[in-house]
Amino acid sequence: MIELPVNRQKTRPRPGVMPFVLSRLPGRVIGRLTGGIISLSALLLGSSVAFSLPAADTEDASSREEFLDTYCSRCHNDERLSGNWSLSMVNPSDIAKGRDLEAWEKIFRMTSERGMPPPKRPQPSEAELAEFTGWLQSSLDGYSASYPNPGRATLRRLNRAEYSNAVRDLLALDFEFSGQLPADDSGYGFDNIADLLSVSSTLMDRYFSVAGKVSRLAVGLGPVQPVLTVFQVPKGGSILNQGVPSYNERMSPDLPLGSRGGGAFRFYAPHDGDYEISGYLNANTNNEVDRLEENLVKMRVKLTAGAHSIGMSFRKQLVLDESVQTLRNDTDILPLPTQPPRSMTLDFVVDGRPVGSAEVPSYHMSERFAQVNFLRDVLQINVEGPFSVTGAGDTPSRRKIFICQPTTIRTEPACASKILYKLARHAYRRPVTSQDIGPLLDVYGAVREDADFETAIATVIQAILVSPGFLFLAEQDPPDSLPGSRHRINDLEFAARMSLFLWSSLPDEELLTLAEKNKLRRPKVLKRQLKRMLLDSKSDALTHNFAGQWLYLRNLEFHQPDVMAFPDFDVRLRQSMRRESELFFSGIVRRDASVLEFIDANYSFLNERLATHYGLDDIQGTEFRRVEFQPDANRGGLLGHASLLTVTSYGNHTSVVKRGQWILDHLLAAPPPPAPPDVPALVSRQGGKALNAREQMALHREDPACASCHVKMDPLGLSLEKYDAIGAYRLVDAGRPIDVASILPDGTRFEGLDGLQQVLLEQKDQFTRALTEQLLTYALGRGLKAYDRPTVRAIARSTAEDDYRIQGMFLGILTSEPFNFRRTMEE
Amino acid sequence: MKHPLSLSRRTVLRGLGTAMALPLMEAMVPSAAFGATFDSVSKPSRLSVFYMPNGMRMDNFTPARSGRDYPLSPTLEPLAAMKDKFSVITGLSHNNANALGDPGGAHGRSCAAFLTGAHAKPTEGSDLYCGISMDQVIANQLGKETLFPSLELGLEPSSLLGSCDIGFSCTYTNTISWKSPTQALPVMVNPRDVFERLFGDSAGLDENSRQLQMRRKTSILDFVRQDAIRMARQLGANDQRKMDEYLQSVREVERRIQKLANQETNLDTGNLILPSGIPDTFEDHLQLMVDLQVLAMQTDTTRVCTFMLGRELSNRAYTEIGVPDSHHSLSHHGGNAEKIEKLHKINRYHLKQFAYLLERMDATRDGEGTLLDNTLVFAGASLGEPNKHDCMDLPAIVAGGGLLGNRHIALPQHTPMSNLMLSMIQAMGVESEQFGDSTGTVPELSS
């Protein structure tokens with residue numbers, strides 16, 4: 001039961017309210033001014049709403065009718081058709097027949113979450129509301145218990161992230177290639193929705209191309225001619241054409257402690273051999289694409305085949321080498337070095353350790369010098385190779401694939417068979433038979449005729465990676481099942497779903513074996529596996545994919561704050577913001593903490609750059625660590641995260657509406673309907689005075705067409721106005737102090753982030769349900785329907801009963817009806 | 001102006017490692033290399049569509065006067081040099097992009113209606129429904145002759161969350177090409193991927209290796225086809241549809257291999273350097289994609305190409321022209337003069353890019369004339385005035401194809417855009433009496 005304090009009104013409106021109400025009624029009713037509400041609504045009833053009494057409990061039925069009469073039918077009748085809907089379209093007795101569930105679920109949500117009746121209308125008493133919603137919920141839940149409906153997702157294709165993780169796990173190949181596959185369309189907030197994952201010939205071409213590359217790389221047949229791989233050190237571009245910034249700190253965990261600047265990236269060496277690492281350094285020109293030959297530094301290294309981190313960096317200095325003087329030239333300030341360049345050491349770093357170094361001048365002045373003299377830094381790192389290949393190498397992928405090596409030509413087919421059996425089982429997520437291996441061996445045989453053993457194996461791997469058995473999650477309807485009936489999916493199908501959910505990848509051998517033996521869904525086993533999978537680093541996928549979309553973290557990469565308004569927004573801040581939210585999310589999941597920490601945690605994960613951004617100056621270093629907030633830190637919970645505050649803003653100003661809408665949609669599952677198109681622009685000045693956000697929003701309330709939705713959204717967003725468009729704390733906007741006192745439609749007052757946290761905590765069950773909905777959508781790969789709502793309620797309830805711990809929510813999903821069953825297709 | 005081999009601005013993409021230098025001196029790769037001959041005297045033989053997102057401010061787009069030698073409107077000024085090669089058409093509308101009783105989602109509907117004239121079904125799920133698009137009608141006929149029936153290109157990946165139209169799956173705003181009412185065609189945004197797709201990873205291989213590679217691919221295709229047929233038998237009807245999509249795509253790949261095998265000569269891609277990725281700046285990215293399109297047409301790899309300058313509901317900021325605000329946000333200007341001014345800038349900037357496309361095609365020899373002479377080019381947006389999601393007064397520019405230029409054809413208000421689509425279909429030599437919600441054709445087009 002929702003515990004929001006309500007502005008109590010009498011259940012019957014005072015006479016003063018009547019004329020307003022009456023003026024909206026059809027003319028023939030207005031004459032009845034003297035009637036009480038009941039008779040008025042009876043009149044309306046007579047003309048529009050027809051109820052039939054349910055079979056039993058007529059007394060309860062009549063109190064339900066009275067409830068609907070009193071509080072709903074005034075607007076939701078055939079004449080007024082408020083919200084395009086009339087009570088005459090539904091009948092309480094329908095629930096028992098499973099009809100109009102969508103409508104009744106909506107009615108339940110609206111009434112129990114106090115969305116309806118609207119604030120200015122007569123409100124039911126607590127008791128009345130409890131009785132009505134109690135009846136409604138138990139009817140809906142009761143129907144669902146008697147006639148469970150698991151729904152059905154269409155044949156589900158692996159999306160881009162899942163495909164690339166599956167390849168990584170199948171071939172033990174640490175090679176990033178997901179960027180070579182097109183992005184998938186999303187719906188219901190996620191890009192793993194089965195219905196939307198289609199196959200086009202464009203995609204098929206990409207699969208062939210990518211599968212070819214990774215299969216050859218994994219087998220050790222990558223390019224033998226030198227190939228150039230280029231890595232741009234992320235810089236964020238030049239600020240105001242002043243050259244590309246560089247920072248006096250360690251830029252990657254793959255670079256040595258005590259290093260500064262430069263960058264590192266993952267490189268996959270196709271063979272053992274020589275490789276040339278080279279880097280372009282910055283000159284302080286004002287053109288960031290300049291890669292000048294005189295700034296190129298090279299070194300040859302020996303690399304073993306496989307994945308490495310390759311980087312270049314300088315050494316951190318207490319006193320910087322350059323000393324600059326500043327000259328004034330009209331309005332430009334030009335810092336120019338006062339001394340000739342000194343010599344600096346540039347390290348070449350492979351797998352975290354320096355393997356060589358070069359001496360470079362501490363600056364390079366170009367004739368087109370920029371206005372700011374940045375520290376010497378690396379702009380781009382190239383790796384070229386292999387030169388003089390010495391062997392295919394001993395890589396994790398070769399070891400995984402070649403579980404045998406044929407000694408003679410005659411032993412090849414047997415070895416091939418063995419290899420393919422193991423790979424196919426893993427790739428197809430089920431035991432395989434000669435029916436599966438036969439066709440694969442045919443491909444092997446055809447290729448083996450004019451190529452060697454390893455090439456043939458690589459080609460079969462390519463075939464597996466584009467085959468439907470790998471790409472699609474095949475779930476069969478039992479042959480004798482009736483259309484529209486439900487059936488339990490088998491353990492193997494369950495394992496595939498579970499590993500897509502928690503790892504966005506294939507089930508591993510342990511999971512597969514348990515599923516084969518039909519043990520996976522035994523309660524103790526399932527619990528143990530859940531814990532194991534969440535603690536495995538593969539569950540980072542949950543953070544990247546679920547949280548990345550739920551919290552809009554993926555948008556951070558594309559979000560462009562205005563450089564004029566925020567000249568300090570740099571690539572380090574962008575990356576740190578994201579990392580904070582990722583660590584926060586994965587921490588709660590792995591510690592099995594309460595989901596309410598998403599709302600009001602008093603800690604987060606910071607590094608120096610982010611801490612500086614938050615105004616906390618006792619955090620040093622580039623590493624992230626957990627930080628407990630002091631009461632005056634003005635942070636805490638998701639809504640204090642710079643990431644969320646940034647992606648819900650525009651490039652140069654905050655958006656009360658975007659933030660309010662995000663909260664309603666993603667934390668409370670109560671999204672407002674879309675705005676009408678012809679919205680006049682926000683008035684930003686009035687009478688010569690600049691308006692701040694609060695004043696602009698006030699204009700929303702003046703127009704009733706806008707007010708109905710905005711009274712819900714605006715207060716939430718307004719309470720966050722002290723966080724600017726990149727999430728920094730501020731006290732002043734448009735020249736005046738910011739006031740973050742807000743009022744909800746029901747009259748509740750609250751202020752700032754703390755107040756907002758309280759408001760959300762008071763709706764903690766609604767939040768728990770909202771999070772369950774998000775997670776369940778992601779887990780099922782389909783949008784939720786009315787028949788899923790009882791499941792959502794049940795999971796949220798059990799989570800709440802277990803102190804709101806998040807793994808309880810996971811377990812609830814894993815043991816739920818839709819996750820374990822599937823509806824057979826109707827004819 | 002002939003474009004030099006080393007497009008010096010673009011080879012500066014050595015910042016990205018390698019450049020896409022288009023080496024195609026006309027002598028090196030004449031389209032006759034593929035044995036293709038066109039009856040380029042009478043009909044345009046290619047189609048190119050250029051799509052601009054988030055509508056067009058019609059007050060700045062519509063020229064003051066109609067007829068020949070009309071004065072260029074402010075938005076059209078960037079096209080001044082090519083005035084003889086294109087016509088502006090106004091008075092067009094897509095009635096099916098209106099709500100017609102459906103809730104929200106103007107952008108989803110308008111983008112879906114742009115080349116289809118169909119009323120899109122509002123859904124986020126499996127029951128996507130629109131209509132076949134004009135380019136696919138043409139591709140169904142022209143595409144039989146080429147390796148790729150059509151090419152769908154874009155600049156924006158579809159990954160921004162919360163930025164698709166409410167109630168409409170992102171599919172509706174990510175693409176303008178529909179192969180069938182239920183099958184949308186995704187766009188490719190990475191030049192490297194486009195290049196690889198067009199010219200295959202057989203670039204640089206000798207004949208023997210190429211044949212070997214094709215044989216292997218064929219074995220794989222046989223295998224996956226059998227696998228799919230076997231799987232399909234055990235699936236429910238709805239799932240079978242998905243498997244059908246898969247099979248269809250496999251057949252496409254097979255068909256292409258067949259064509260390649262039947263070709264006598266191979267395109268010498270030795271001089272083409274693989275682009276290494278997506279260029280940093282918008283303009284570079286766009287122009288590289290245009291260059292790829294021109295390359296594809298020159299080599300007769302495809303004859304139908306659609307290009308989305310941005311996805312519908314694009315939020316891109318154009319800082320390079322002094323507009324740091326997000327495009328979609330500006331398009332709902334609410335009458336604010338400053339926002340309108342910025343929006344005008346964006347519209348002009350987009351048309352400047354269109355000018356590049358026209359100039360490139362005009363500078364490329366094709367048989368007896370230029371590529372532009374032989375290509376029917378259509379540029380437009382799916383909304384007119386974006387502030388009110390107006391789909392009843394739409395901008396349209398038709399260029400090339402040997403059609404008369406330097407005209408502003410002001411059609412009667414609310415002429416169905418589908419009529420123009422139908423005219424274009426017929427101009428491409430595809431027999432058709434009806435398209436989308438057409439009520440006739442636009443005869444002025446070919447007069």
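In the predicted model, the buried residues of helix H7 of chain B are B:Arg210, B:Met214, B:Arg216, B:Ser219, B:Ile220, B:Leu221, B:Phe223, B:Val224, B:Asp227, B:Ala228, B:Met231 and B:Ala232. Helix H7(B) comprises 26 residues. From its first C-alpha to its last, H7(B) reaches 37 Å, close to the 38 Å expected at 1.5 Å a residue.

The interface between chain B and chain A was examined next. The size of an interface is often given as the accessible area lost when the parts come together. For chain B and chain A, the buried area is about 6000 Å², and carbon and sulfur atoms give 58% of that area. In terms of residues, 69 of chain B are in contact with 76 of chain A.

Across the interface of chain B and chain A, 21 residue pairs are in polar contact, with both residues at pLDDT 80 or more. The elements of chain B that give two or more residues to the side touching chain A are helix H5 (171–174), helix H6 (191–199), helix H7 (207–232), helix H8 (237–262) and strand S9 (323–326). H7(B) supplies the largest share of this side, namely 13 residues. By residue class, the side of chain B that touches chain A divides into 25 nonpolar, 24 polar and 20 charged residues. The count of salt bridges between chain B and chain A is nine. A salt bridge is formed by A:Arg822 with B:Asp239, where the closest N and O atoms are 3.1 Å apart.

Individual positions in each chain were then considered. In chain A, A:Asp739 lies in the loop between strand S19 (736–737) and strand S20 (741–743). A:Asp739 counts as partly exposed because its relative accessibility is 39%, a value in the range between the 20% limit for buried residues and the 50% limit for exposed ones. The side chain of A:Asp739 reaches the backbone nitrogen of A:Ala741 at 3.0 Å. The C-alpha atoms of A:Asp739 and A:Leu596 are separated by 27 Å, the two residues being 143 residues apart along the chain.

In chain B, B:Thr370 is found in strand S11, which covers residues 369–370. With a relative accessibility of 14%, B:Thr370 counts as buried. When residues up to four places away in sequence are not counted, B:Thr370 touches B:Met361, B:Asp362, B:Thr364 and B:Arg365.

Definitions and conventions:
Residues are numbered from 1 along each chain as its sequence is written. Chains are lettered from A and ligands numbered from 1 in the order in which they are written. This is a predicted model: local features need pLDDT of at least 70, side-chain atom pairs count only at pLDDT 80 or more; totals for chains, interfaces and linings use all residues. Side-chain values use heavy atoms; hydrogens and water are left out. Contact means heavy atoms within 4.5 Å. Buried area is the accessible area (1.4 Å probe) that two parts lose on being put together, summed over both. A salt bridge is a side-chain nitrogen of Lys or Arg within 4 Å of a carboxyl oxygen of Asp or Glu. A polar contact is a pair of N or O atoms within 3.5 Å; within protein, one must be able to donate a hydrogen and the other to accept it, and residues adjacent in sequence count only if both atoms are side-chain atoms. Helices (H or I, at least four residues) and strands (E, at least two) are DSSP runs, numbered from the N terminus. Ala, Val, Leu, Ile, Met, Phe, Trp, Tyr, Cys and Pro count as nonpolar, Asp, Glu, Lys and Arg as charged, and the others, Gly among them, as polar. Buried means under 20% relative accessible area, exposed over 50%, partly exposed in between (1.4 Å probe, protein chains only). The expected span of a helix is 1.5 Å times one less than its number of residues.
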